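Subject: Structure handover

Hi,

Here is the structure we talked about. Please load it first, then read my notes below.

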Amino acid sequence: MTLPHTKMAWDHPPTEGGYARLVARRSTTLVAVLVMTAASPGFFYASPLPDGAFGFLLICMVTVPLLSIVFLAYLRRLRVAIVLRSYPWQEYTCSYPPRPATSPTIVSIPFSASFEPSYRVTPFPVDLARKQNAHPDRIWFAGDPRFGGVVSPVGGHYPVRVVPARVPAGGWGGGDDALARRVGLMRRGGKGTQT
């Protein structure tokens with residue numbers, strides 16, 4: 001069902017505020033990792049130990065891969081904004097399948113009696129059931145059910161990107177391919193983007 005109060009998800013004021021907080025979180029994380037990466041050569045020169053190179057290499061092994069993940073997440077916030085500006089919020093029931101602590105956060109949304117895909121919250125796992133959520137059994141979704149989109153607890157205040165956790169071998173039918181391709185949910189080959 002389409003929510004009656006907005007034309008597109010972006011037109012809902014709490015969503016715009018939630019997106020601003022998302023940008024602030026991603027920016028802060030990126031700056032913190034950049035500072036750690038920039039400071040890592042200092043360990044090599046300032047270390048009183050003769051094996052300061054070991055500390056430098058250890059820090060580089062952690063910060064360089066982390067920097068690429070955080071930078072990608074910073075860029076992918078733009079896709080969240082594009083989806084929010086292109087699709088309306090729709091409210092659905094949802095469930096959070098049990099998972100091991102090391103696996104990403106998954107949310108299942110039954111769009112119809114025969115179509116209940118599971119989505120992975122990306123790029124960083126977020127427990128949406130606990131994010132200022134008075135209705136943990138409901139979720140707002142904006143996007144193409146076949147390729148993912150953006151979800152938020154009811155109210156639109158915490159928008160995050162979701163991608164299909166598993167795509168059926170035969171794929172999914174229906175939907176607006178032109179819109180999904182334009183906003184970056186679908187690649188030219190007809191597959192969904194996974195970031």
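D144 is buried, at 4% relative accessibility. Buried here means under 20% relative accessible area, exposed means over 50%, and partly exposed lies in between (1.4 Å probe, protein chains only). D144 forms a salt bridge with R146, at 2.6 Å from N to O. R146 is buried too, at 7%. A salt bridge needs a side-chain nitrogen of Lys or Arg within 4 Å of a carboxyl oxygen of Asp or Glu.

Two notes on the source. This is a predicted model, numbered from 1 along each chain as its sequence is written. Local features need pLDDT of at least 70, side-chain atom pairs count only at pLDDT 80 or more, totals for chains, interfaces and linings use all residues, and side-chain values use heavy atoms, with hydrogens and water left out.

Salt bridges

The search of the whole structure gives three salt bridges. Another of them joins E91 and R138, at 3.0 Å from N to O. E91 is in strand β1 (residues 90–93) and R138 in strand β4 (residues 138–144), so this pair ties together parts 47 residues apart in sequence. E91 is buried, with a relative accessible area of 17%. R130 and D127 also meet in a salt bridge, at 2.8 Å from N to O. R130 is exposed, at 71% relative accessibility. D127 is partly exposed, at 31%.

Overall layout

The chain has three helices and six strands. From the N terminus, the order is α-α-β-β-β-β-β-β-α. Helices (H or I, at least four residues) and strands (E, at least two) are DSSP runs, numbered from the N terminus. Of the 195 residues in the chain, 39% are buried. Take contacts (heavy atoms within 4.5 Å). Among those between residues at least 6 apart in sequence, 63% join residues at least 24 apart. The chain exposes about 10,600 Å², and carbon and sulfur atoms supply 64% of that. Areas come from the Shrake-Rupley method with a 1.4 Å probe; for residues, only the protein chains shown count as cover.

Aromatic pairs

How many aromatic pairs are there? The count is seven. Rings of Phe, Tyr and Trp (its six-membered ring) pair if their centres lie within 6.5 Å; planes under 30 degrees apart are stacked, over 60 edge-to-face, and the rest tilted. Y92 and F111 have ring centres 4.7 Å apart and planes at 70°, so they are edge-to-face. Y92 is in strand β1, while F111 is in the loop between β2 (106–108) and β3 (118–122), 19 residues away. Both are buried. F111 also pairs edge-to-face with Y119, at 6.3 Å centre to centre and 85° between the planes. F111 has 18% relative accessibility, and Y119 has 0%. Ring pairs join Y92, F111, F115, Y119 and F141 into a cluster.

Charges over rings

R77 lies over the face of Y74, 4.0 Å from the ring centre. The charged end of R85 sits over the ring of W10, 4.1 Å from its centre. The rule asks for NZ of Lys or CZ of Arg within 6 Å of the ring centre and within 35 degrees of the ring normal.

G155 is in the loop between β5 (148–152) and β6 (160–164). Leaving aside neighbours within four places in sequence, G155 contacts H12, P14 and W140.

Best wishes
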